[in-house]
Amino acid sequence: MKVIPWEDNQSLTDLQKDILVGCLLGDGRLECRSQSGRARFRVHHAESQSEFLFWKYHYFQNLTRGAPWRTEWLDKRNGRVYGSWFFHTVTNPVFEPFHKRFYREGTKVIPENIGNDLTPRALAVWVMDDGCRTRNEIILNTQSFTFDEQQRLLDEMHRLYSIKGTINRDRSNFRLRFGRIDAEKLSRIVEPYVIESLSAKIVPVSTVFGSTIQTGGCARVENMSYSHNTQDHACERDKV
């Protein structure tokens, strides 16, 4: 009888699939590390979003062999030192179908059938990754995708959720923008899944006497509680 290595004897839960899709629409990436097509999931966030990184790690730690690590780098432009947090999974065949759908010749793309993946929970992860909320709109920083791919996303969001958006030019690229009414629709859909520290992604903000305040409320993530201590997980690795 063939012995299956532990990392190959895994499958993704629906929750993991939603998080993975949201990350691939946003800042996450899959790295293909074998000719067989297997891949690993890699996540990187700045110090200010370390809680979000540990939230993701919490749901993928069964596919990892080590805790997240922190690294620092010097920005020569201003002389300041910045911190970042990373983790990656093992190289695993469960990621192969996603890599085949979301990558073409090493470039991340939007699959033709992306509508099958746009669950409210996946949308929430995408918004937490790439969203920016002002008083009157939500912007999704989708500059890495083509105009046609972004139109595909808008078409599916309208079909599934009756949300209308526009594609706005951002220098030489494009990004998605949702006006007040549709931003509120999007916020209501994703709100049950947005972690508290990122509630500003969906709650309008305003400035009063130089201070930024939220003008609405945000729910905690449904049935997805966890805790972490970044000090417990810091390690000496200093490079990606």
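**Entry 1: helix pair.** I looked up how α2 and α4 cross, and the crossing is left-handed. I am working from a predicted model. The contact draws on Phe52, Trp55 and Lys56 of α2. From α4 I noted Val125, Met128 and Asp129. By class, I get four nonpolar residues, two charged and no polar. I then checked the geometry: the two axes come within 11 Å and cross at roughly 150°. An angle over 145 degrees counts as roughly antiparallel, so α2 takes that label relative to α4.

**Entry 2: burial of α2.** How many of the 11 residues of α2 are buried? I found nine, so this helix, residues 50–60, is largely enclosed by the rest of the structure. The buried set includes Phe52, Trp55 and Lys56. Ser50, Leu53, Phe54, Tyr57, Tyr59 and Phe60 are also in the buried set.

**Entry 3: the sheet.** Next I traced an open sheet of four strands, with antiparallel pairing. Its order is β7-β8-β10-β9. I marked β7 (131–133) and β9 (166–170) as the edge strands, each pairing on one side only. The twist averages 30° from one strand to the next. I also looked at how β7 meets β8 (residues 138–140): three bridges join them, and they run antiparallel. Cys132 has Ile139 in β8 as its bridge partner.

**Entry 4: helices on the sheet.** Which strands does α4 touch? I found β7, β8 and β10 (173–178). Helix α4 (residues 120–130) makes about 75° with the direction of β7. Helix α5 (residues 147–161) lies across β9 and β10. I noted that α5 runs at about 15° to β10.

Key: Residues are numbered from 1 along each chain as its sequence is written. This is a predicted model: local features need pLDDT of at least 70, side-chain atom pairs count only at pLDDT 80 or more; totals for chains, interfaces and linings use all residues. Side-chain values use heavy atoms; hydrogens and water are left out. Two strands pair if DSSP finds at least two bridges between them. Helices (H or I, at least four residues) and strands (E, at least two) are DSSP runs, numbered from the N terminus. Axes are lines fitted to C-alpha atoms, for helices over the stretch in contact, and angles run from 0 to 180 degrees between N-to-C directions. Contact means heavy atoms within 4.5 Å. Buried means under 20% relative accessible area, exposed over 50%, partly exposed in between (1.4 Å probe, protein chains only). Angles under 35 degrees count as roughly parallel, over 145 as roughly antiparallel, 65 to 115 as roughly perpendicular and the rest as oblique. A crossing is left-handed if the near helix is turned anticlockwise from the far one by less than a right angle, and right-handed if clockwise. Ala, Val, Leu, Ile, Met, Phe, Trp, Tyr, Cys and Pro count as nonpolar, Asp, Glu, Lys and Arg as charged, and the others, Gly among them, as polar.
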